[in-house]
Amino acid sequence: MPKLVIVESPTKVKTIKKYLGTDYDVVATMGHIRDLPESRLSVDIKKKFAPKYEIIKGKEKLVEELKEKAEKSSGVLLATDPDREGEAISWHLAYILGLDTNDKNRVTFNEITKTGVTAGMEHPRSIDQNLVNAQQARRILDRLVGYKLSPFLSQKIRRGLSAGRVQSVAVRLIVDREEEIRAFQPEEYWTIDAKMIPQGSRKAFPAAFYGTTQEKMKITSGDEANRILDDLKDAAYQIAKVKKGTRRKSPAPPFITSTLQQEASRRLGFQAKRTMKAAQELYEGVEIGELGAVGLITYMRTDSLRISEDAINEVTAYIEGRWGKKYLPDAPRHFKTRANAQDGHEAIRPTTIDLSPDKVKDSLSNDQYKLYKLIWERFVACQMANCLQSTTQADITAPGASGTEYLFKASGYTVTFDGFTVLYEEGKDEETADEGSLPPLENGMKLRCKEIAGNQHFTQPPARFTEATLIKALEENGIGRPSTYAATISTITGRNYVVREGKALKPTELGEVTTKLMRERFPKIVNVKFTAQVESDLDKVQSGETDWVETLDRFYGDFDKTLKQAKEEMKGVKIQLKEDETDIICEKCGRRMVIKTGRFGRFIACPGYPECKNVKKLVQENGADCPKCGGKVVVKKSKKGRVFYGCSNYPNCDFVSWDEPTQQKCPRCGKTLLKKKGKKPKYYCITPDCGYEKTEDNEE
């Protein structure tokens with residue numbers, strides 16, 4: 001009889017079966033099979049927080065099939081994912097199938113390749129109860145917060161609200177940032193920027209005003225800038241000092257879960273949920289031509305930067321073969337994992353370096369290819385030589401008419417060896433002005449000032465969080481786990497605590513009101529340091545240092561007391577959300593209708609509820625006329641949340657476009673022009689046989 005191997009995902013089944021052969025039967029649970037039922041708390045607080053698990057609705061038939069297969073097999077191996085959740089699923093399976101958790105019936109695969117599967121099967125172990133307890137503690141903790149706090153918020157603010165231990169802190173970070181932006185007072189400052197040309201040269205280079213040769217100057221007004229410019233009118237510019245050096249630029253480490261989500265957001269525009277979906281598919285296995293099903297990356301839920309020696313040897317040979325020995329560092333790179341990380345898995349890397357993105361492109365979906373290319377390039381680059389840059393810094397003196405010796409500074413670099421940048425460079429959250437190269441400069445060289453001007457600036461408020469910067473903040477503050485970030489962001493946007501404006505995350509009024517109440521009544525729940533401490537306590541449960549029941553007891557005692565106090569002090573209090581009034585008149589009762597927000601988004605409703613229950617869809621017009629029929633253009637969203645534009649006269653008019661219709665009219669035919677975004681936005685007419693287009697820099 002064959003042995004039964006149970007995995008989580010059906011996608012893995014075919015890949016693993018190929019490596020194990022006919023002696024094994026591989027089946028999937030399709031995720032969790034037993035959990036706390038949603039209809040009730042399902043935690044007996046008085047009996048040491050005993051959870052009351054049940055078979056998940058709809059999985060009863062699957063459980064019976066698993067029991068039958070287990071009875072007919074010569075043994076059962078539990079091969080669920082190698083993390084807390086996977087360990088818990090194996091533990092639940094052991095309970096349902098009557099397996100001994102002390103037996104060596106648990107196997108894990110860091111990668112779904114022949115090597116990874118073989119290594120996992122050769123090292124079976126017993127179920128790690130500490131891992132299970134850490135998962136149970138987190139699950140129960142989140143259930144207690146959600147099921148105890150959500151009804152309170154629903155009663156005090158609006159029906160259907162939910163609270164979560166990690167989501168509430170994430171919303172608070174976004175709300176706090178919005179309050180910083182509102183409170184920000186811009187300050188005026190000026191810069192003086194010049195373009196210099198060395199004697200005997202035609203190439204101009206930029207130089208920035210620093211101050212005097214004695215001290216740096218801060219220019220706070222236009223009058224002050226003009227005074228300095230007047231003083232410099234007939235100044236002679238000369239290089240006082242040139243400093244040359246070499247700068248080494250090292251590659252970024254390989255991806256962990258959080259950095260993969262951040263980089264995919266920055267470079268690919270992927271939301272965290274989309275990133276993790278594609279990563280899961282790459283890990284579980286993809287059909288690659290004659291190779292069949294192959295897992296292309298290692299396990300994608302990890303916060304370790306460890307790389308196996310086999311992988312380092314493989315990538316070293318690849319780099320030498322493709323770019324030559326000079327592109328290798330003096331010694332292989334090993335990256336230090338942060339102190340509180342779990343070192344159960346390697347960093348995210350390709351399982352086979354020779355399977356370059358170009359070789360597998362035809363076998364992958366667009367998302368899979370883009371993400372695999374990012375992972376492959378980042379990993380290969382991390383084992384390549386530094387980029388070497390020759391730097392030049394020049395001090396330029398200019399005596400003013402008043403006798404003041406002014407100082408300008410110029411800096412630049414040239415790449416002397418591209419190193420890892422031949423393949424990959426890490427993206428940035430904020431755009432910064434890059435230094436350019438400078439012409440040959442020497443001490444004492446005279447310069448001609450081609451142009452000089454004062455430029456007004458204002459200090460800028462902190463930027464709103466994007467998915468990338470929020471994930472970075474959550475990780476830096478020790479809130480949640482990288483594997484939970486995608487779900488957290490989906491929750492806070494899906495429940496309308498936060499909305500997306502382009503890439504930025506902005507709190508809604510609901511998010512701000514809820515956060516204010518939580519700050520006042522449940523300060524610990526939305527306290528960043530406290531939430532990080534809870535995560536640290538869960539890590540101690542996982543390592544066996546702390547008992548999981550004691551951890552829950554410490555948290556719940558204070559939480560329960562705070563909740564009872566809040567209920568008592570807020571008896572009869574109801575917080576009113578502001579409702580935006582519209583110009584739309586309710587045809588049933590004559591009142592002005594208002595914009596409301598429900599679980600499925602914003603809509604228009606009559607304020608006379610419950611006497612009048614009239615509701616309508618909220619249609620957002622963008623102010624342009626339909627280029628086909630002249631009707632109003634409305635803003636819509638696709639299933640994936642992407643904005644597009646259509647005609648309000650649909651279905652009578654079928655106009656639809658990803659590009660935004662504008663209020664500008666075509667000078668040839670008079671129809672609405674559409675705007676295609678880019679570095680130089682283009683305006684164009686879609687009228688057949690017209691063909692008019694222009695950019696913002698030219699008319700036609």
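Helix α9 is followed by Gly 285, whose phi is positive, near 130°. The model is a predicted one, in which local features need pLDDT of at least 70 and side-chain atom pairs count only at pLDDT 80 or more, while totals for chains, interfaces and linings use all residues. Residues are numbered from 1 along each chain as its sequence is written, and side-chain values use heavy atoms, with hydrogens and water left out.

**Exercise 1. The whole protein**

Describe the extent of the protein and its secondary structure.

Step 1. The C-alpha trace spans about 95 × 80 × 65 Å along its principal axes.

Step 2. There are 17 helices and 29 strands; these are DSSP runs numbered from the N terminus, helices being H or I with at least four residues and strands E with at least two.

Step 3. Of the 700 residues, 47% count as buried, where buried means under 20% relative accessible area, exposed over 50%, and partly exposed in between (1.4 Å probe, protein chains only).

Step 4. Among contacts (heavy atoms within 4.5 Å) between residues at least 6 apart in sequence, 66% join residues at least 24 apart.

**Exercise 2. Helix α9**

Compare the span of α9 with its expected span, and identify its buried residues.

Step 1. Helix α9 covers residues 272-284, which is 13 residues.

Step 2. The expected span is 1.5 Å times one less than the number of residues. For α9 this gives 18 Å, and the helix reaches 18 Å from its first C-alpha to its last, close to that expectation.

Step 3. The buried residues of α9 include Ala 272, Thr 275, Met 276, Ala 279 and Tyr 283.

**Exercise 3. Thr 546**

Is Thr 546 buried or exposed?

Step 1. Thr 546 lies in the loop between α16 (528-543) and α17 (548-569).

Step 2. Its relative accessible area is 18%, so Thr 546 is buried.

Step 3. Leaving aside residues up to four places away in sequence, Thr 546 touches Lys 540, Val 541, Thr 551 and Arg 554.
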